[in-house]
Amino acid sequence: MNRDHHTLDQNGFDYMENSGREEQDRDTVGMVFALILMAVLTVGQYMGLY
Amino acid sequence: MTSYSISLAYDTDRRSIWSCLYSFREVLPGLLAMLFIAIFSNNMPGVPNPFTLENLFVYLDNVIGPINGQPFFQIMNSNFVWNPLLLGLLIGNFFGVPDLWKRGLSYIHALMPLGILMLAPHFMIGHAFKLGIVPVLISVGAIFFTATLTLYLSRLFKLDDRQGATLAGALSTGDPHVCAIMMPMTKARGGQVVHSAICVILFGALASMVFPFISHLFNMPEKYAGFAAALGIGNGHQALSAAFGVGYEAGRYAHYFDIGRHVFMPAGFLYVFFIMLVRKLRHPESPNVHATGSIQKVPLYILAFIACWGLTCLHVFKEPTHHQIFNLVIWDFSLAAGALGLSIPFKEITRHGLKGFAVTCLSGMIRLVLLFTVLGLCIKTGLLA
């Protein structure tokens with residue numbers, strides 16, 4: 001099998017492959033970080049921190 | 001080991017949602033690669049590095065001189081997404097991507113929903129209503145019409161549905177960035193995303209040159225020629241270049257009317273996503289249905305985006321919070337675009353041929369002619385002053 005040298009490593013890990021449970025976890029982690037950052041910045045302004 | 005068995009290994013080793021971040025030692029080289037691509041591509045907020053691709057383009061813009069008052073590289077859409085993508089493409093294709101980087105580069109899949117969600121405070125619908133109700137209705141109509149028309153034409157041209165959806169999202173909203181935003185929703189491949197962005201950028205550049213002639217053909221007043229440029233060309237400096245090609249007043253009005261397109265952009269890309277998702281759910285076995293991939297229901301981050309967009313419209317995110325959040329969006333998309341660029345061999349982009357470009361040009365030109373017709377009718381009937 002030809003290996004895609006751009007995305008696939010020698011252990012078979014393809015960094016552009018995104019499916020199943022791993023995809024859901026990545027989506028959730030991204031969402032949690034986004035909500036935390038937005039909440040901190042918004043609440044920070046309301047509290048007069050900047 | 002196949003990617004299926006890798007996925008199984010992830011499920012076996014998984015302890016919590018944080019397992020997708022792997023260990024710090026594994027991901028550090030990839031994260032550093034993304035970081036250095038980002039800070040040598042753009043003038044990143046908080047990084048005083050003058051040796052960036054962005055500054056090189058600004059220098060070259062000053063050498064070339066403006067086109068209708070607009071910098072050439074801005075017309076070609078040089079920005080915080082496409083600069084790192086270009087640098088990543090060059091590095092990946094000329095020097096390769098070391099295996100050591102790949103765990104870290106996989107963070108692109110967490111960065112995409114993160115960036116999409118943080119874009120929500122950017123779209124304050126209330127700002128559009130200073131234009132009046134008729135221009136708002138025309139703006140919204142143009143977005144939905146273009147999205148529907150592009151999806152229809154891509155089906156007619158037998159284009160891969162992932163690319164058709166990506167094109168529909170980007171062309172309808174008038175912003176090539178949206179190709180990247182569509183990627184996690186339509187599950188388009190990297191090559192399709194870049195190919196679609198090139199199609200939209202090239203169409204915009206060509207259309208902005210033809211635009212003044214069409215405007216004179218329709219005898220359009222400069223004010224509404226500016227409106228037509230904002231909706232029919234989109235993409236910031238391309239619209240301005242097209243409108244300033246008509247006249248000074250048209251250029252100023254393009255800037256004024258652009259808000260009508262801008263704040264409704266999420267409606268455009270969400271519309272395309274929902275259409276593709278419903279289509280996939282109705283025809284799950286069809287060999288021509290690829291868009292949205294394994295997505296079976298609306299992802300949580302899309303629902304969170306819609307909720308945050310609602311909060312934005314209620315003016316929860318005030319200034320300067322909105323600007324601070326947008327600075328984080330710049331960081332997020334710059335990092336992700338670097339990883340995306342590294343993943344794509346040049347032949348992945350070129351193998352999609354010219355069908356995508358034909359669909360973009362046809363859809364874009366139909367939109368432009370219809371816009372002029374509708375604006376002409378509205379002026380004649382007194383709906384637009």
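Predicted model: local features only at pLDDT ≥ 70, side-chain atom pairs only at ≥ 80, totals over all residues.
1. Extent of the interface. The size of an interface is often given as the accessible area lost when the parts come together. Here chain A and chain B bury about 3,900 Å² between them. Carbon and sulfur atoms account for 65% of that area. On the side of chain A, the residues that lose the most area to chain B are A:His6, A:Tyr15 and A:Met38. Together these three make up 19% of what that side buries.

2. Residues taking part. Chain A contributes 35 residues to the contact, and chain B contributes 52 residues.

3. Polar and charged links. There are 2 salt bridges across the interface of chain A and chain B. A salt bridge is also found between the side chains of B:Arg14 and A:Asp25, with an N to O distance of 2.6 Å. Sorted by class, the side of chain A that touches chain B has 15 nonpolar, 11 polar and 9 charged residues.

4. A buried serine in a helix. B:Ser363 lies in helix α19 of chain B, which covers residues 355-381. B:Ser363 counts as buried because its relative accessibility is 0%, and the cut-off for buried is under 20%. Leaving aside residues up to four places away in sequence, B:Ser363 touches B:Thr146, B:Leu149, B:Thr150, B:Leu153 and B:Leu171.

5. A cis peptide bond. The bond joining B:Glu319 and B:Pro320 is cis, with omega at about 5°. B:Pro320 sits in the loop of chain B between α16 (300-313) and α17 (321-343).

6. Positive phi at B:Lys187. This residue is not a glycine, yet B:Lys187 has a positive phi of about 60°. B:Lys187 belongs to the loop between α10 (177-186) and α11 (190-217) of chain B. Is B:Lys187 buried or exposed? With a relative accessible area of 19%, B:Lys187 is buried, because the class takes in values under 20%.

7. Positive phi at B:Thr292. B:Thr292, also not a glycine, has a positive phi of about 75°. The loop that holds B:Thr292 runs between α15 (265-282) and α16 of chain B. B:Thr292 has 0% relative accessibility and therefore counts as buried.

Definitions and conventions: Residues numbered from 1 in each chain as written. Chains lettered and ligands numbered in written order. Heavy atoms only, no water. Helix = DSSP H or I, 4+ residues; strand = E, 2+ residues; numbered from the N terminus. Buried < 20%, exposed > 50% of the residue type's maximum accessible area, 1.4 Å probe, protein only. Contact = heavy atoms within 4.5 Å. Buried area = accessible area lost by both parts, 1.4 Å probe. Salt bridge = Lys/Arg side-chain N within 4 Å of Asp/Glu carboxyl O. Nonpolar A, V, L, I, M, F, W, Y, C, P; charged D, E, K, R; others polar.
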